[in-house]
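Please read this short briefing alongside the sequence and the coordinates shown here. The points that follow are grouped by topic.

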Amino acid sequence: MSNNVKLKQGFDIKLVGKASESIAKNVEAPKRYALKPEDFLGMNRPKSVVKVGAKVKAGDPILIDGKQEEIKYTSPVSGEIVEIQRGERRKLLAIVVEADSTIEYKEFPVKPVDQVSVEDAKATMLESGVWPLLIRRPYAIVADPSDQPRAIFVSSFDSHPLAPNNDFTLQGQEAYIQAGVDVLKKFAPKVYVGLNGATPSKLFDNVVGVEKNKFNGPHPAGNVGVQIHHTSPIANANDVVWTISPQGLVQIGKLFKEGKYDAKQVIAVAGPKVDTPEYVETYVGASVDTIVASKIKGDNVRVVSGNVLTGTAISKDGFLGFYSNMVTALEEGKKSRFFLTDGWLAPITSRLSFHKAFGLLGSTSKEYALDTNTNGQDRPFAVTGAFEKVVPMDIYPMYLLKSILAYDYENMEALGIYEVAEEDLALCEFIDVSKHDIQKIVRQGLDTMRLD
Amino acid sequence: MKFLHDLLEKQKPLFEKGGKLEKLYYVFEAGETFMFTPPEVTKAKGVQVRDAVDLKRVMMTVVIALLPAIIFGIWNVGFQHHIATGDAEVASFGAQLLYGLKLALPLIIVSYAAGGAVEAAFAVFRNHPITEGFLVTGILIPLVVPASLPLWQIAFASAFAVLVAKEVFGGVGMNILNVALTARAFLYFAYPAQISGDKVWIEIGESAAGQAMATVDGYTGATFLGLAVEAQKAGQPVVDFVANAAHWVQSPAELAMTSFIGLIPGSIGETSALMCLIGALVLIWTKVADYRIILSGILGALAMGVLLNVFAGDMEAVKNGVEGAHYYAYLDMPAYYHLIVGGFAFGIVFMATDPVSASQTSTGKWIYGALIGVMTVIIRVLNPAYPEGIMLAILLMNVMAPLIDHYVVNANKKRRLKRATV
């Protein structure tokens, strides 16, 4: 059984600086790695379980949630804890590990997957650090070990701007993917895989025990939330499903096949400000300092952990987010523009727009070197009918957002809050004429529903 | 331009918190961001890049779509004057345009100034930025009034509309009624003498001696819609009656084309359906206005017009004295005339499509537009008190729009609920 879903709504932001499919040789391995509690949505009370100076192996717990202590957040590399960064009111910001030159792994039991019970599988996953790779919907937070998910969803492709090609980053890891699927099938009766209709991922060609569906269309066709909506939609707050990335499947598969938490990943380094954009092999939570040093040109640059729609700006020696599969570098757009020459009354072709309002003459099919300027200021919602064109779901985004802002629980529920995560409405934030922080509003809504 | 920017930046501390003119910050800010887009960048979390569009550009698109109607309308003020006084052949295009400008430009300036002052005052007192919506409202108001309107009236109307239709609801994006139409409705009910009847639509002007200038033979100051009501009373077919009564058209055959092009008396910007059509194409192509509203509005008006034709009765039978026969001339008017006379074209293109006061859902927009078309024709034809129906039709549907959306969104909720339980 396989569906071929065609999605009309959406928008591909084409940017200069797509990574070519090669692994960079001139990038020095970063020394420092970190876990940032902020990456783990739904974490209540982050607590460090190590002290500065402690020695850890890859897979040793370093962080826990005081309210959910079973889930261990473990070190991606072996080495020494060198810093515990805290912010205002001693809020835990990051736990930093300085890596050994050769990584030592904590050992976990190796057993053929079909002989592992659910309880053992769960215990191993909780202990080793792969558990947070499972995301729970509704709410898009780290999965709760007591959940009984109805199904697990995997999107095989990432349709975000400049996103890495999983067929390249995970090539040769098909066996781990199958093992990961087999483990997850112990938790839920069904595993769904969303394939790109135009160029289906080869990684899943021989993977069995899953239902494969094809999705065609512009971004966000690759978003797992959109795929859930079109395969087996979430009905209510208690209708729990899990999602996981292909990279996550590989890590889980490896854990059971080789008995180690291997946080190695190949990330894309892309964007208009990157010198020869290509891929870099590193570990989860790596410092970007060596990448910046050898790959990023210029001073007036913003480094983003993740893609330009859902990513987070980090400093030039900041750390990759736990879920980030790429680094994007683009120009910081902190400059004024005179209204007649290149401001709001000037015809321009150098900046991308989804809209066709006066003077926006750039074609949407060419690649742009966009900067971070907001191109306008915060205004009340005025334009209607645009959000619907970039959200391929049977949802009225504007009504949903307004119900969130009004703390209208009943309407949030009825209008589909359980079906969305920030990334699913990120394009609305990009195209918004009124320049609202829409992803923040979505998270506010999800938190409201979850906590109240 | 750097020197200008530096100059502005130098003044900025004066308006910022703690500065002497701190209260006027948003007025300063509006001026500065008008000339220089602010150097704001995206936040650390969320989208890192933003679309090139902003509200200023969207509003500007509407103003540009209005330009053909504005220019034609201003020229037509002069043209109507000159054909009324019998020297249309003599006066050059430039002279006609200049005549129109003399009347229209003060209206435009006063409209912007009065409404803008209220807008700025609210920005100062309520501490919110001055928004771009008034860029459009300020030009729409003078376009829907006759050129002869006293300046103090347009000042009142513009200020009233911004205050009552917009600011008391919380400003741009929160209003229920279309702001420009509220201004017109205000004038219509407060000062009917200057915006209805048959004295105001054509500016006759005074001769050098200070007396009203002489008009051509057969001169009438009434608009098409006014004459249509007369035709109804006279029991004669509207087209023939109008062509006969009006000095600005020679034969019934020319009437449709003359009206479509807009060489007829009326409010400054509304007479030319052709210019509105050009504006509509701009708005639809740029997707600033929703084609659904315009299209369904046209279809609604046509459908209602055709439906009325059915009930028009039989003129011949009345003439021949058949018992029980009736004939309603206005009901018998060809339906397409509704699209090209009066303010229908202008209203459906520029007023009904205002995204804030219109329906917000796609399905809702079809219903909203169609009902505006239907209501316009009903008010025009069946209600002799109001010759023009588009203004009231749009205002009524503005009020109804949230209700329409409510049902459309409810259908979505039900659909989603049903899908989930299957």
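Strand β20 of chain A, residues 337-338, pairs with β1(B) in the antiparallel sense, and the pairing runs over two bridges. This arrangement, like everything below, belongs to a predicted model and should be read as such.

Strand pairing across the chains
- Within this pairing, A:Phe338 has B:Phe36 of β1(B) as its bridge partner.

The wider contact
- The contact draws 65 residues from chain A, and chain B contributes 56 residues to it.
- On the side of chain B that touches chain A, at least two residues each are supplied by α2 (25-35), β1 (36-37), α3 (55-84) and α18 (390-421) of chain B.
- Of the side of chain B that touches chain A, α18(B) provides the largest share, which amounts to eight residues.
- By residue class, the side of chain B that touches chain A consists of 25 nonpolar, 17 polar and 14 charged residues.

Domains of chain B

An annotated span in chain A
- An unreviewed UniProt entry carries the annotation "domain: NqrA second alpha/beta", which covers residues 119-260 of chain A.
- In the model, residues 119-260 of chain A are 32% helix and 19% strand, and the end C-alpha atoms of the span lie 18 Å apart.

Note on methods
Residues are numbered from 1 along each chain as its sequence is written. Chains are lettered from A and ligands numbered from 1 in the order in which they are written. This is a predicted model: local features need pLDDT of at least 70, side-chain atom pairs count only at pLDDT 80 or more; totals for chains, interfaces and linings use all residues. Two residues are in contact if their C-beta atoms, placed from the backbone, lie within 7 Å. Helices (H or I, at least four residues) and strands (E, at least two) are DSSP runs, numbered from the N terminus. Ala, Val, Leu, Ile, Met, Phe, Trp, Tyr, Cys and Pro count as nonpolar, Asp, Glu, Lys and Arg as charged, and the others, Gly among them, as polar. Two strands pair if DSSP finds at least two bridges between them. UniProt positions are given in the numbering used here, feature names are shortened, and annotations may be inferred rather than shown by experiment.
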